[in-house]
Amino acid sequence: MRKLPEGLYYVEGLEVPETPEPRVAQDPWSDTTVVGRPLPRVDGYERVSGTAVYPSDVSLPRMLYGAILRCSCANGVVTSVDVSAAEGMPGVHGVISAFTPDDNATRPYSQYIKTNLFNPTCRCEGEPVAAVAAETPYQAHDALRAIQVAYDERPFVSDERRALEPGAAQVQEGGNSAGDPRVYERGDIARGFAEADVVLEETYRTECEIHTPLELHGCVAKWDGDSLTVWESTQGVYNVQAGVAGALGMPLSKVRVVGHYMGGGFGAKLQAGRYTLAAALLAKKTARPVKLIITREDSLLAVGNRPPANMRLKAGVRRDGTLTALELTALATGGYRGRGSGSVDFIARELYLCPNVRTELSDCYINAPPQRPFRGPGHPQGAWAVEQMLDQLADAIDMDPIELRAKNIATTSQARGNRPYTSNGFRECLVDGARAFRWEETRAEIAGGNRGHIKRGVGMAGGTWAAGGGGPPSIAVIKLFSDGSINLNMGASDIGTGTKTVMAMVVAEELGVDPGAIQIEHADTGTTQFASASGGSKTIPTESPAVRAAALEIKEQLLDLAAAQLSVDASTLALRDGTVVSAADSSVLLRVREIRALRRRGNLTGVGYRGPNPQDKVIAPFAAQFCEVEVNTLTGEVEIVRFLAAHDSGRIMNKLTCQNQAFGGVTMGIGYAMTERRILDGNETGKMVNKNWHDYKIPTAMDVPADMTFLPIEPEDTECNTVGAKGIGEPATIPTAAAVANAIAHATGVRVTDTPIDPTKLLQALAERREGE
Amino acid sequence: MTDDRKKQDTQDRERRRGVTRRGFLGSLGTGAATVAVASQVSAEQLPEGEQLPAGDVTRVTLDVNGRRRDVLVEPRWSLAFVLRDKLGLTGTKPGCERGECGACTVLIGGVPRYACMTLAMEAQGAEITTVEGLMDGEAIGPVQQAFVEKDAFQCGYCTSGQVMAAEGLLRANGDPNLEEIRTQMSGNLCRCGTYAHIFQAVGRASELKRGEGGAS
């Protein structure tokens with residue numbers, strides 16, 4: 001067991017097993033016949049027919065429904081919990097709290113401290129205080145209401161910009177600073193600014209964004225003696241298994257976690273929840289299975305967020321467009337514990353060639369729920385600042401924004417020891433993207449006439465993602481039945497990204513079978529192989545090579561058996577459409593089902609391991625996104641007219657599902673730019689005032705353009721892994737908000753540097769400009 | 001039993017249960033900030049006639065996917081809860097329990113409705129269609145087919161609701177234009193952000209339903 005490199009948030013705090021190198025050598029694919037095609041999903045039927053069983057749908061005999069009572073104040077210590085009335089209510093079978101003897105789960109509070117599930121010290125609204133199991137969810141919520149909780153309420157601070165002021169309420173005993181600022185430096189920042197012809201400085205802010213997947217966080221927990229089975233809505237069953245076993249002091253083998261379907265996570269479902277532990281404890285106490293699905297309000301409040309970032313960026317550029325210096329200072333918060341600034345500076349350090357860079361990231365505590373990884377942690381924040389600044393620089397030196405970016409393309413990974421990339425298609429993303437978007441023509445049209453109160457504008461932004469190359473560990477097992485049909489066994493979750501479909505295509509590519517005919521077992525710690533959680537845009541680059549290795553093992557065994565039967569050398573044989581053919585002239589020699597040794601054995605098993613990544617190179621996806629808007633300068637309303645997403649994610653494994661990911665990332669980024677914002681009542685209560693989808697607005701069908709284009713840039717990459725694929729999920733949302741902001745600035749001539757760009761802010765900016773004129 | 005005894009009995013029962021209709025109404029969509037209202041939830045504060053004890057069940061007859069279903073329900077139970085937890089029709093998904101996301105959309109009398117905002121009792125006497133009701137045996141219907149073809153979902157959790165909204169739209173308007181599609185589908189959230197593909201799928205479903213380009 002070993003620790004993975006820093007930054008791989010999807011395995012944070014966990015030890016992951018090493019996997020051996022694959023046994024069968026794998027040459028890079030050149031042309032593929034199945035991989036790359038726009039195939040509908042292998043589990044499409046289940047997902048549209050209602051037959052897919054999500055954890056929310058699991059129903060077991062004698063099952064009870066759980067519910068959690070949460071702390072109602074922003075900072076307080078629970079001094080008593082009276083559950084006597086609740087216990088006597090109809091249908092109620094069990095109530096647990098910090099003051100009942102059943103809370104024997106311990107969970108890591110920080111690297112060094114563990115607390116029980118119900119920690120009386122509640123440093124934010126939404127901390128679990130008690131939990132109930134009852135015959136119906138209605139009775140469970142009735143019972144919550146009958147629980148009497150006494151709090152010793154404390155002063156609070158809910159705004160990180162005020163947390164370090166003298167006299168601010170203390171979130172943690174040691175004060176509100178989350179440690180020394182993290183400083184990164186290369187080159188000589190002062191010299192860099194001295195060498196610049198233009199130096200600009202600007203303040204940017206991104207608001208707190210919340211994941212809110214459609215399926216609520218939750219699980220069903222069932223005990224069989226000392227064995228626990230959990231059906232959990234999760235991105236990683238093995239993460240949940242480790243979390244539950246650790247908290248309950250159980251052997252891993254006694255905790256089985258199943259997560260076949262799950263309704264979205266975006267980083268908020270990488271770990272065992274406190275609801276998971278509550279369900280397990282309630283199921284133990286009541287000796288009944290317990291389903292515990294949290295409420296929508298709790299999902300906005302208590303299961304993670306992308307924390308706010310306050311960024312000051314100073315940048316220097318020469319008249320010819322050469323970047324000379326970038327200095328980013330940021331203040332963020334992880335909530336009442338942890339840090340929230342992780343990777344906020346990565347885009348500044350990595351994406352553009354710049355010899356002199358300094359970043360300083362500070363964190364403080366506030367009385368708000370802890371952050372969780374959220375689709376490219378830190379990156380959309382950093383891109384919001386850097387990509388707007390590049391447009392401002394381009395404007396200052398009178399250069400096209402794309403030309404400025406193209407002039408400063410990094411040739412090596414500056415943030416990672418100047419190692420070269422296995423492939424870097426950023427230039428093509430910029431240039432080919434601009435051409436497909438009709439960038440120059442559209443800008444010329446707009447320059448020719450933008451009269452009236454509806455102003456058109458176009459904007460773009462670039463991006464990269466610190467992970468997205470994948471890597472070991474991963475194990476896949478393929479079973480070939482005697483009739484040639486196939487079962488694929490892997491631990492990875494399909495969180496909606498099409499993992500199952502792509503893996504079936506990889507098997508089909510190597511073994512010449514119909515991807516739709518492959519049976520897939522996945523995401524079950526009891527029956528499938530180890531996989532790290534599906535997150536970090538790394539599932540396809542991690543799992544595909546392992547699945548391919550397993551398929552090649554099967555192929556080798558199969559051709560050996562066929563060669564023995566045909567009395568030829570195995571190297572003269574190939575597999576095509578379930579048939580053994582001559583490698584030389586493709587003449588049909590033997591159908592798989594006619595291989596006698598296979599019939600006798602019943603099946604063949606191939607085990608595939610994920611090999612290591614190249615040590616001397618860096619694997620990185622790149623993106624450039626282009627956006628056209630129309631701004632009503634009388635009302636401040638913005639209509640996003642069209643979007644083009646150009647992505648270097650290596651080989652596109654399935655063009656249909658990959659495009660869907662790209663559009664999904666753009667859609668989420670539009671929400672980040674335009675509407676999404678957690679609001680804490682900083683003056684009176686410290687509580688969240690918009691914990692519902694009416695007041696916390698995510699994009700609807702009315703907010704996104706129908707005119708979206710996905711432009712895959714597929715540089716040949718034979719080094720990143722054995723299938724040539726890099727990640728898409730997170731790169732797809734990293735540049736989006738900045739591209740929107742740049743388009744609005746192009747349309748109106750005013751720049752809103754704080755998210756979300758709502759009509760009020762935009763009108764105010766327009767009014768200020770008019771006053772200035 | 002005298003009237004006074006009856007009244008006393010009812011009040012005692014209320015107190016034991018600790019819940020009233022007002023308590024139930026107050027509970028809709030809360031869940032987090034419950035402590036603050038706990039003290040307000042007591043039977044004594046309400047006039048007698050207002051009291052309708054939770055926990056008492058009543059028989060309703062629902063017409064679901066062309067079949068008559070007799071169910072014992074508490075008056076406060078939502079149609080979504082009854083469909084999923086009493087009739088086993090888990091294609092209908094709960095997402096917010098307050099009419100914001102549309103994951104629980106079903107057709108009532110052919111019109112898309114949020115099943116979380118509809119009491120099971122209210123749905124009596126109307127034709128209810130869930131996503132399971134769009135199937136022809138084990139074969140998926142044209143809207144579902146179009147969603148698969150156009151990859152109009154990712155995690156799939158909102159999909160039943162999207163499919164039902166699209167079905168309702170196409171029953172009312174067989175050949176909608178893009179703006180009609182966007183407007184009519186705007187009551188259904190998709191956090192994976194598949195709207196662009198959903199627009200295509202609804203257009204494709206319209207073709208399929210009109211017998212163009214394949215099965216009806």
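Me: How many residues of chain A are in contact with chain B?
Reply: In this predicted model, 63 residues of chain A are in contact with 62 residues of chain B. Two residues are in contact if their C-beta atoms, placed from the backbone, lie within 7 Å.

Me: Which helix supplies the largest share of that side of chain A?
Reply: Helix 16 of chain A does, with seven residues. Helices (H or I, at least four residues) and strands (E, at least two) are DSSP runs, numbered from the N terminus.

Me: And how do the residues on that side divide?
Reply: They comprise 30 nonpolar, 22 polar and 11 charged residues. Ala, Val, Leu, Ile, Met, Phe, Trp, Tyr, Cys and Pro count as nonpolar, Asp, Glu, Lys and Arg as charged, and the others, Gly among them, as polar.

Me: What ipTM does the predictor give the complex?
Reply: The ipTM is 0.96 and the pTM is 0.93. Residues are numbered from 1 along each chain as its sequence is written, while chains are lettered from A and ligands numbered from 1 in the order in which they are written.

Me: Where in chain B does pLDDT stay under 50?
Reply: That applies to residues 12-46 of chain B, for which the model has 66 contacts beyond four places in sequence. Chain B averages a pLDDT of 83, and 73% of its residues score at least 70.

Me: Changing topic: how much of chain A is buried?
Reply: Of its 773 residues, 61% count as buried. A residue is buried if 20 or more other C-beta atoms lie within 10 Å of its own, exposed if 12 or fewer, and partly exposed in between, with C-beta atoms placed from the backbone.

Me: What about helix 13 of chain A: why is it largely enclosed?
Reply: Helix 13 of chain A is largely enclosed by the rest of the structure because 13 of its 13 residues are buried. The helix covers residues 499-511, and Gly512(A), with a positive phi near 60°, follows.

Me: Which residues does Leu488(A) touch?
Reply: Leaving aside residues up to four places away in sequence, its partners include Met503(A), Ala504(A) and Val507(A), as well as Ile518(A), Ile520(A) and Val547(A).

Me: How many helices and strands does chain A have?
Reply: Chain A has 18 helices and 30 strands. Its C-alpha atoms fill a box of roughly 90 × 75 × 45 Å, taken along the principal axes.

Note on methods: Predicted model: local features only at pLDDT ≥ 70, side-chain atom pairs only at ≥ 80, totals over all residues. pLDDT = per-residue confidence, 0-100. Expected span 1.5 Å × (residues − 1).
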